[in-house]
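Hi,

Here is the structure I promised to pass on. Have a look at it first, and then read on for what turned up.

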Amino acid sequence: MSSNDTLTVAQRKLLTHHQIFPKDSSYNLAFAYRVRGADLARLRRTAVRLLECVQAFNTTFPLHRGQPVLLRHGSGEHHVPVRPLPPGGEAELLRRVAEQVDTPMPPDIFPLAGVDLYSDGGDLVYLVIRAAHVVADAYTYYNVFRLASRLYDDLDADVPETRLDPASFPAQPCDDADAIAFFRDNLHAVTSLTPEQLAGHRGPDGTIRGHRRHVLLEPDRMRRVTAWMDEAGIGRFPFFLAAQALLQGALTGRDDVVVGVPLANRRGKRQREAYGYFVNTLPVAIDLSAYPDFPSLCRALALHTSRMLRYQNFDLTAHAAEVFDNPPARLTVASTFTYYKEALEVPLTGCTVEPLSLDRSQVMFPLTVNVEEHDERIWLHVEHSHQLEAARPVDLYTAVLDAVTAGPAVPLSEVCAVGPAELARIDGLSGVAEFATPPSLADAFAAVVREHPDRPAVGEWTYRELDDASDRIGHELVRTVKGEYVAVRMQPSPELIATLLGVLKAGKCYVPLDPNTPPQRFAHITAQFAELPVVTREDTDRMLALPDAGPLSVAPSRHAYVIFTSGSTGVPKGVQVTQRNVLRLFAASAEHFTFGPDDVWCLFHSYAFDFSVWEMYGALLHGGRLEIVGDRVRRNPADFAEFLVKRGVTVLNQTPSAFRQLLGVLTPQQAARLKVREVVFGGEALPFGSTRRWYELMGDRARLVNMYGITETTVHVTFQELTPSSVEETRSLIGRPLADLRVRIVDRHLRPCPIGVTGELLVAGDGVSDGYLGDPEKTAQRFLPGGWYRTGDLGTLLPDGTLVYLGRADRQVQLKGYRIELGEVEAALHAVPGVSECVVRLDEKGAEPRLVAWLVGDELDDRTVRTALKPLLPPYMIPSLFCRLDRLPLTLNGKVDDAALTIPTQTMRAVPASVVPHADEIAEIWRQVIGIDTLSYDDNFFDIGGTSMHVAEIHRRLVDRFVMDDISMVDLFEYSTINALARYLADLKESR
């Protein structure tokens with residue numbers, strides 16, 4: 001048995017990985033071949049001799065004092081059976097081999113390499129060579145296959161080089177100042193080698209479930225690619241590496257990418273002839289935004305990687321503090337690239353040998369591209385996690401190859417990984433219809449009046465009375481107002497509805513001004529118009545007292561209203577919404593709803609908030625009744641619950657925040673009396689888990705619908721129906737677009753994103769409004785050619801065409817090198833039993849930035865919440881601090897009021913100190929590594945956000961702090977509370 005010092009840096013890293021993730025079998029390598037014409041007996045003896053003479057295949061790596069060491073075994077312990085081909089033939093054999101290779105090979109159990117032979121009883125033989133990666137890298141396999149060919153020809157051949165393995169060469173760490181400076185120049189600003197978009201792909205057991213694809217480039221594409229490289233003077237390696245960087249950028253939506261490059265790490269002839277695991281994978285950080293075109297990127301990578309070869313034995317882990325400004329918690333890349341100039345073939349004299357693919361269930365990294373070029377053919381071997389399957393990485397990579405070779409110097413911003421065929425497939429997930437509509441809202445209302453003149457329209461007002469009142473107001477506005485715009489400022493009432501209709505009948509466009517509008521905002525809005533008459537309740541009362549002048553016949557205004565946005569993304573802007581925009585909203589929604597004269601709606605929202613457009617016209621254009629919710633009732637959820645019961649409301653429209661407050665006071669007795677049959681959510685993200693209480697009270701008596709939309713696209717864009725089982729959904733699903741709208745997900749260069757990749761939502765179709773009043777510059781920024789509107793919202797597209805809402809782009813925060821969607825964290829919190837309301841924000845006021853969650857609900861301590869979040873979120877997304885509230889503060893429009901959120905001085909529970917020696921020191925290490933503020937000395941490490949990924953760093957710090965190299969990482973799994981670990985360390989010290 002030799003010491004740990006005989007292990008290479010690469011071997012130590014891989015063995016540490018095995019200690020942390022013992023169920024990960026992706027590092028088992030295997031190659032299968034179909035062989036015809038072989039002498040079976042000779043082939044078997046060749047295999048036995050090969051296994052016996054290669055010293056690397058006769059080693060294992062047991063633990064000694066908590067550290068792996070190298071142990072050599074005798075060479076006569078290998079067996080190579082010849083088995084019959086199983087029933088089911090080749091397909092069944094390959095399935096069994098893949099299953100065998102996907103079984104973990106513990107590094108301390110012999111053998112770590114083997115050869116299997118299968119015969120059909122005739123001329124056909126199947127050869128399978130397998131080994132743990134820790135004893136064989138790809139370079140070793142090239143040597144193994146050449147050795148197999150040599151031994152097949154001469155079983156007694158002298159092969160002294162087979163005794164060479166990593167232990168044969170003294171460690172020569174590359175730690176000079178030049179190496180550190182080289183890597184620091186490239187990596188110093190990197191905060192994570194694994195982008196958050198790929199970070200969650202490794203399961204709790206350490207495995208990455210995935211797929212392996214093998215694609216031969218079509219002759220035309222291969223000729224185009226090679227011709228472009230030859231003409232540009234770009235080498236194969238930097239060309240395909242640059243294409244991989246663009247692929248990763250497309251899959252993550254980022255311009256800053258890190259690609260791991262496995263380097264052979266063999267110097268001189270003897271090392272190149274050796275067998276074993278030498279390879280050292282080093283990261284290359286690439287800022288795609290720094291290069292104007294593809295050739296520039298290729299040349300930069302060619303220069304960088306050629307220099308990196310000088311330092312291919314660099315130990316990044318040992319020098320992380322010197323290389324990085326803020327060393328990442330894990331120094332493992334999520335993406336790797338390799339280029340092979342030679343095929344992994346077994347040339348056996350007199351035999352035909354064909355490689356076969358194994359359908360493995362695990363992959364080493366979320367994304368790997370291996371390019372193999374030989375015999376004037378180019379193979380792409382792409383491995384990717386299951387989560388990337390819907391994006392079709394192979395198709396994206398070939399689309400990148402097509403895009404970058406479309407011209408001599410294609411700008412990187414124009415390289416789109418989503419090719420024309422894939423874009424057509426994505427766009428085909430939603431169709432675009434056209435709907436015929438009446439000429440104006442006034443015409444549509446008139447048709448309802450003719451059909452239901454005596455039915456109640458608003459409160460006690462009938463449709464006839466509302467029609468007459470709006471005619472009176474319209475006549476007076478025609479007489480007194482010369483301009484196009486009329487502001488309306490009054491409290492919600494039947495008179496308000498009559499005024500808004502009167503403005504439309506007068507051929508004008510109304511500008512809603514809520515009476516509670518702050519003076520500064522009121523002044524800003526009125527300043528946007530050269531002339532803006534303001535109609536108040538007094539004005540309306542005066543106009544209603546005028547004599548009846550009969551129906552109006554005035555050409556309608558193009559625009560129905562100008563609503564000013566909330567200002568959350570800047571200065572409020574006036575959105576010009578056409579009458580056609582509003583009318584087609586209800587036409588496009590008709591396939592999803594059965595609104596009719598028997599429905600009772602309520603005007604809950606401010607008429608200066610566009611959700612009210614759906615409430616008002618949803619009632620009036622279907623012959624239903626609209627009930628006005630007074631300001632006092634709207635602000636008191638208990639009063640509103642009683643209002644719904646007494647008024648018999650059947651169609652309820654709510655922001656999720658307001659709905660959660662309603663659920664907090666709704667009693668079973670009230671629920672039993674409710675007549676609500678439709679609940680439509682809008683205005684903000686809906687955490688599906690927050691609807692649990694509704695289903696408990698109402699069952700399936702009412703349907704819940706989530707509709708995403710924004711003012712600029714006329715209230716609603718998508719439709720998603722919920723079911724009782726939806727409460728378990730942690731994503732904010734917003735469904736598919738309405739039939740006359742299209743939604744596309746794009747990156748910051750407005751290039752289409754692949755399926756499953758986060759990007760900005762664009763909306764096109766008949767719901768897109770006319771832009772911003774008097775602001776052509778901002779209109780041009782948001783309203784794009786082709787009829788697309790930039791929403792500023794983030795989302796992703798699922799394979800079935802369902803859209804997932806991820807919040808505002810300006811709500812995306814950066815923490816510990818990860819970009820985090822706060823809406824995703826909130827959705828997970830809503831799935832925690834007992835949490836009725838929540839909001840999450842980034843607190844940057846302290847020494848270290850942290851996520852803070854404000855919770856409303858049952859009594860919950862930190863441990864309970866964190867334990868529930870652990871299967872739903874990666875560790876970096878779990879909040880550090882939880883604050884309790886009786887109710888979330890809301891703005892006038894029913895959205896969360898951020899300004900009213902405060903951080904209390906006390907967290908949810910006090911933590912008793914520990915009397916166990918060194919427990920405080922261990923607790924501080926846990927706090928720093930896991931990134932939490934509050935913990936108990938009896939908290940289980942894995943219940944408070946600790947993961948296998950944290951274990952290595954905590955192990956390193958414990959060894960440094962207590963100067964005890966006999967602490968094993970396995971011990972950290974066994975002693976998983978602070979007190980238990982402290983007692984164990986005390987026992988270790990006493991036993992010395």
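A quick word on terms before the details: two strands count as paired if DSSP finds at least two bridges between them. Helices (H or I, at least four residues) and strands (E, at least two) are DSSP runs, numbered from the N terminus. Bear in mind that this is a predicted model, where local features need pLDDT of at least 70, side-chain atom pairs count only at pLDDT 80 or more, and totals for chains, interfaces and linings use all residues. Residues are numbered from 1 along each chain as its sequence is written, and side-chain values use heavy atoms, with hydrogens and water left out.

Strand S1 (residues 28-36) runs antiparallel to S13, and five bridges join the two. Ala-32 sits opposite Leu-356 of S13. Contact means heavy atoms within 4.5 Å.

Then there is an open sheet of three strands, S37-S38-S39, also with mixed pairing. S37 (835-843) and S39 (881-884) each have a single partner strand, so one side of each is left without a neighbour in the sheet. S38 (residues 850-857) and S39 run parallel, joined by four bridges, and Trp-854 has Cys-883 in S39 as its bridge partner. Helix H27 (residues 822-830) packs on the sheet and touches S37, S38 and S39, with its direction at about 150 degrees to that of S37. Helix H28 (residues 862-869) packs there too, touching S38 and S39, at about 120 degrees to the direction of S39.

As for the whole protein chain, it has 32 helices and 39 strands, and its C-alpha trace spans about 120 × 75 × 60 Å along the principal axes. Of its 992 residues, 59% count as buried (under 20% relative accessible area, with exposed over 50% and partly exposed in between; 1.4 Å probe, protein chains only). Among contacts between residues at least 6 apart in sequence, 73% join residues at least 24 apart.

Cheers

Methods
Axes fitted to C-alpha atoms, helices over the stretch in contact; angles between N-to-C directions.
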